[in-house]
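Visitor: I have a model open and would like to walk through it. Can we take it piece by piece?

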Amino acid sequence: MLVEILLAGFGGQGVMSTGQLLAYAGMHEGLHVAWIPSYGPEMRGGTANCGVTLSDTEISSPLVTEPQVLIAMNQPSFEKYAGAVVPGGVILYNSALVKETGEYPEVLVVGVDANRMAEEIGNVRVAANVILGAYIGLSGVISVASAVEALKDVLPPHRRKLIPANREALERGAALGAGGGRAVG
Amino acid sequence: MPKTFQRPQALTDKPFHYCPGCTHGIIHRLVAEAVDQLAVRKKTVGVCPVGCAVFAYDYFNCDMIQAAHGRAPAVATGVKRVLPDRVVFTYQGDGDLAAIGTAEIVHAAARGEKITTIFVNNAIYGMTGGQMAPTTLLGQKTTTTPHGRDRETAGSPLRVAEMLSTIDGAVYVSRVSVHSPRHVRLAGRAIKKAFEVQLSGQGFSVVEVLSTCPTNWGLSPREALKWLGENMVPVFPLGEFRTPSAEEAIEC
Amino acid sequence: MSHLPRVLMKGNEAFGEGAVRAGCRHTFAYPITPQSELAHFLARRLPEIGGVFVQAESEVSAINMVFGAAAAGARVLTSSSSPGISLMQEGISYIAGARLPCVIVNVMRGGPGLGNIAPAQGDYFQAVKGGGHGDYCQIVLAPASVPEIIEMMILAFDLADRYRNPVMVVGDGVLGQMMEPVEIEPGETRTAPAKPWATDGQGDRPAPNIISSLNIVPEDNERFNLDLAVMYAEIRRGEQRCEEYRLDDAELVLVAFGTVARVAKAVVDRARRDGIRAGVIRPITLWPFPEDSVKRAAARADRFLVVEMSLGQMVEDVRLSVEGEKPVHFFGRPGGLVPTVREVCNEVKRITGVMPGAEDVPAATGVDR
């Protein structure tokens, strides 16, 4: 098993820490993992993206250039990376901010109204974890429990009070994803 | 009969290589006497420059490091941060400290590094052949200002002691001279005071010592001493520019 | 899987963590992207364990602070990225000339000039061919993963002390920024060996110590250089390190270091699925270059493909090692781009003739080396 996941969005949407969450969860499940960010001017307020590789064997290249999975939190990310997703892959996008464009015949494309669900939970900043939850539910690549467990690794001590909201985001996203399609990865 | 003067322990027996009449030898002795008087020779680490004093490690009878041109304050910083209880000094000329090493001296002072710098200012580059120094006087002839230093093209002399005295981390800043026996005595007191400031842990200390270069000035040793007193002292006034608040001022 | 607890750690932090585990307690550095997290990590960590982090006013000053701290006997680190490493070259030459041990990290970025902050390997020549003035060599280590960064940092300090010589550990922006799991060691660190030569105050020693790179008499300096040559030969014999990946039956040998070596491994896996018997030599020591491994491979393989994030620098050392026995091809992405698995695969197919007509397709860089 080798899955390469690209997570992209605006800076501030939590894309980087959501990617780390996935990597930590994979690590706790005994997988080989790597997390790699885009960096530079992009770090300062523009789009941000990170790649996560999960594998049951040693990871050769940690660079995610041909992702099987794209999590697109905003329109520029969708437009920039949707075409890079390999046949058989999946795109999950934040339907509150992304209008689906283009044709991806061999790719499963799933819109998730992550912002609305995050607002229902009471914190729009957990939207990225709603989509991550949807991906986990859809793919079964790791368990939701591992992702919830990994919140402690990603959130610094002074932000641990955000764990319940993030947990809810992961769980509600996963429930959505589990009904949403076939397994990937 | 009691001995009233002897070679300091902090100097080796090796004869100086300096030109006849050069006052580096006197300044070396004053530094060594201060080290002896404070009984710190065995815990002192000196850092010598690139310039005429590049071989100072042959003369100071303590652990010595030879640094890259201008970098002695950075090297001394490295030593002191590893060994805070040692006494660390740099011995630098005007090219080393006031030209290529300006950043290093300014920031060692700004950090308040607990080191002592002996800055030997003779208004010229000695070792490389009498070129203009940052401290060369206006009108002074050097091999790179053959018609005299011209403000329009070569700028004006840098007053290092005054400049460093604006920095809070520089706790003791003074300028002395060695052109007469009286001034030599006063210079020795200032150098000792600078080391005492280091030992007290208050911050950076520096003594600028006006010195001669008979060879490159084209003067006899005696004329050189006179020239220093008449020409350099008016441009580089002697005195203490910054002292620890609790300390009494001394004459320079 | 190990029983020790693991955390995800950034490469840049791993440089710092490795230094701490190696017993380094003194770091002098000037900020530069993309290695700043290293300084952030040590500025926080070192004071907690009785160490010192000093932010220097420049890289010139930082390397000279390293000179002083090394002379005083400490295990000492500085880190920077390409332009800053250029500024340090004079100091590194002095450190080599004064026979001082220290470790320098270069998280390489795109050049020349200010270039950019993207990953690159264009400082290979600078690192392995001297960089500063005079006849000196520095040991250069090139880790390719976050856990290996820690391992290489510990090795770097050990080698520096063993040979009293500067050791550079090179990474690139990708390696510095990426996160991988590392095991949390129970705080055990190395200690530096005794350094009776250090200028740490004469104390009870019978005579003062002097640290200097000055040998004014040419005959003395020649003797010093010849002594260095003996040591460098010993290092060349004893310290070559590399990883050989699927090399046993390889007809095509990819040679790559650092991040690119990981791309090369993925290329080899894919090429083998296509029936191309490929393998990888990953130099871990860039100096001494693992020429023995390359020579052995040259006796068996048909051809080599060197992949670098540069216009082609290490390829020269591969060619020197292969000694004309086999063709040595090159594929590079200079200026801050990482070769992708797909484009290197295409290059593999092109040079092995597997892709019909591919021989006519120019290499992506258009670089002929």
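Visitor: How many bridges join S2(B) to strand S9 of chain C, and which way do the strands run?
Guide: 2 bridges join S2(B) to S9(C), residues 210–211, and the strands run parallel. Two strands pair if DSSP finds at least two bridges between them. Helices (H or I, at least four residues) and strands (E, at least two) are DSSP runs, numbered from the N terminus.

Visitor: Which residue stands opposite Ile210(C)?
Guide: Met64(B) stands opposite Ile210(C), which is in S9(C).

Visitor: What should I know about the model and the numbering?
Guide: This is a predicted model, in which local features need pLDDT of at least 70 and side-chain atom pairs count only at pLDDT 80 or more, while totals for chains, interfaces and linings use all residues. Residues are numbered from 1 along each chain as its sequence is written, and chains are lettered from A and ligands numbered from 1 in the order in which they are written.

Visitor: Back to B and C. How many residues does each chain put into the contact?
Guide: Chain B gives 28 residues and chain C gives 32 residues. Two residues are in contact if their C-beta atoms, placed from the backbone, lie within 7 Å.

Visitor: Which element gives the largest share on the chain B side?
Guide: That is H2(B), with 8 residues. The elements of chain B that give two or more residues to this side are strand S1 (44–48), strand S2 (63–66), helix H2 (72–82) and helix H4 (102–110).

Visitor: And how do the residues on that side divide by class?
Guide: The side of chain B that touches chain C has 15 nonpolar, 6 polar and 7 charged residues. Ala, Val, Leu, Ile, Met, Phe, Trp, Tyr, Cys and Pro count as nonpolar, Asp, Glu, Lys and Arg as charged, and the others, Gly among them, as polar.

Visitor: Which chains have the most contacts between them?
Guide: Among the 2 pairs of chains that touch, chains B and C have the most contacts. No contact joins chain A and chain B, and their closest C-alpha atoms lie 29 Å apart.

Visitor: New topic. What domains does chain C have?
Guide: The domain assignment gives domain 1 (6–186 + 212–238) and domain 2 (242–360) of chain C. Such bounds come from an automatic or database domain assignment. The C-alpha centres of domain 1 and domain 2 of chain C lie 27 Å apart. Their contact takes 26 residues from domain 1 of chain C and 23 residues from domain 2 of chain C.

Visitor: Which element gives the most to the domain 1 side?
Guide: H5(C) does, with 4 residues. By class, the side of domain 1 of chain C that touches domain 2 of chain C has 17 nonpolar, 7 polar and 2 charged residues.

Visitor: Where are the cis peptide bonds in chain C?
Guide: One joins Thr33(C) and Pro34(C), with omega about 5°. Pro34(C) is in the loop between strand S2 (26–29) and helix H2 (36–48) of chain C. Another runs from Gly111(C) to Pro112(C), with omega near 0°. Pro112(C) lies in the loop between strand S5 (102–108) and H5 of chain C.

Visitor: Why point those out?
Guide: Because most peptide bonds are trans, and most residues other than glycine have a negative phi.

Visitor: What is phi of Arg164(C)?
Guide: Near 50°, a positive value in a residue other than glycine. Arg164(C) is in the loop between helix H6 (146–163) and S7 of chain C.

Visitor: Is Arg164(C) buried, exposed or partly exposed?
Guide: Arg164(C) is partly exposed, with 17 other C-beta atoms within 10 Å. A residue is buried if 20 or more other C-beta atoms lie within 10 Å of its own, exposed if 12 or fewer, and partly exposed in between, with C-beta atoms placed from the backbone.
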